[in-house]
Amino acid sequence: MPRRPGLLQAAIVGLLVSLCTGSPALAQGSPDLGLSSGLLESLNRAFGVGTTANEPSQSAQAPVDQSRNAPAPAVIPRVSVPPLPRSPLEDDYSRRAGMALTQYGYDVFRTIVPSSGDLENGAVADDYLLNIGDELVVTLRAEQPRSYRIRIDREGQLVVPELPPIPAAGITFGQMRDDLEAKVAQTFRNAEVYVSVGRVRQISVAVFGDVNAPGIYRVGGFATAVDVLALAGGVKKTGSLRRILLTRGRKSYTIDLYALMTGAGAAPELALTDGDRITVPPLGPTIAVAGEVVRPGIYELAADQRMDVHQALTLAGMPLRAEGSRLVRYSLDAQGRDIPAEISAGGEGALAPGDILAVRHREDSEVGTVWLEGNVRVPGPRSLSSARDVR
């Protein structure tokens, strides 16, 4: 048989490269090199590849525990939200106000840990809305106790053996439990029934518009609109927080996240069902509150595009001082110039799109006070009412 020194040399060079780069040794014959498994194994032993001095060969090793290589449980991916850069709107308002201003509410998505919407520890609330795919655990305590795990079928019914079908989709868990107890009382004597939610359905929700990662997200039935928005990376600064549209079939609902973040107004519709669509439209008209307030910022107007002064101050956390503040409204004219107007201390009036409400201190001074300085034991201010002369 003719010798093939070129192939043997290539094999040795390949093993040396494996040693230098840390790649695993060759363990099987290579049809490309024409070398047998035995020859390669001899080369491995010659170069000390794949074994240590006190380590048995591969054939003598214990079987590998495959459970350690089992795939990790599926986790709903969440888009990573980096620190939000300043927007052109923030730069413009900041230049006009003479201080740095940011858009209110957008940073909340950087800290929210969204829920997968699956059932975790704890009882299910009676107002949970059941639907197709939810799994219920029904336990009957009668002469022959029995328990069933039953999913709500495609017709929206809960079919328990020996009982007539019970409508379950579209009603609350508490109402369905009452209906089940009534059916058991009609069918069995001296029987008790217990029901709980074993596993919630999986739903698909589509997210469109001004979010960082639009797409379709599959979550558990307990997930809310905020969870899905957080999974989509949050709302961009070019998107609205007050006009988010939730479309369900032919009906649409408006979600105002300001009501959720401030606790004012009616709670928005947050529960989701399979096939819902969430659309984030472009940012609506805005106003700004600057100066001596707790939370200066840029705030989006509601649907009526007007905001009274007191409401704007409330969003901004109210003035730093309970008394003694000036309120000045800056409005834009047709040429884009700021026109100031003094507002009464009561905060009457309304702000239009583009307005800036500036809160200033009227005076930073003291009255009715005298100061004692110099070579005295206790220097400092004194009330004029208690010290009317030098003595």
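**Strand pairs and salt bridges, term by term**

Strand E6 (residues 202-209) runs parallel to strand E10 (residues 277-280), and the two pair over four bridges. This is a predicted model, so local features need pLDDT of at least 70 and side-chain atom pairs count only at pLDDT 80 or more, while totals for chains, interfaces and linings use all residues. Residues are numbered from 1 along each chain as its sequence is written, and side-chain values use heavy atoms, with hydrogens and water left out.

Q: What makes E6 and E10 a pair?
A: Two strands pair if DSSP finds at least two bridges between them. E6 and E10 have four, so they pass that test. In one of these contacts, glycine 209 has valine 280 of E10 as its bridge partner.

Q: Why do E7 and E9 count as edge strands?
A: The open, mixed sheet has five strands in the order E7-E6-E10-E8-E9. Strand E7 (215-220) and strand E9 (251-255) each have a single partner strand, so one side of each lacks a neighbour in the sheet. Strands here are DSSP runs (E, at least two residues), and helices are runs of H or I, at least four residues, both numbered from the N terminus.

Q: Is arginine 96 buried or exposed?
A: Buried means under 20% relative accessible area, exposed means over 50%, and partly exposed lies in between (1.4 Å probe, protein chains only). Arginine 96 comes in at 17%, so it is buried. Aspartate 338, at 28%, counts as partly exposed.

Q: How do you know that aspartate 276 and arginine 248 form a salt bridge?
A: Their closest N and O atoms are 2.9 Å apart, so the pair qualifies. Aspartate 276 belongs to the loop between helix H6 (257-262) and E10, arginine 248 to strand E8 (residues 244-248), so the contact ties together parts 28 residues apart. Aspartate 276 has 1% relative accessibility and is therefore buried, whereas arginine 248 has 22% and is partly exposed.

Q: How many salt bridges does the whole structure hold?
A: The search finds 13. One of them joins glutamate 342 and arginine 326, with closest N and O atoms 3.3 Å apart.

Conventions:
A salt bridge is a side-chain nitrogen of Lys or Arg within 4 Å of a carboxyl oxygen of Asp or Glu.
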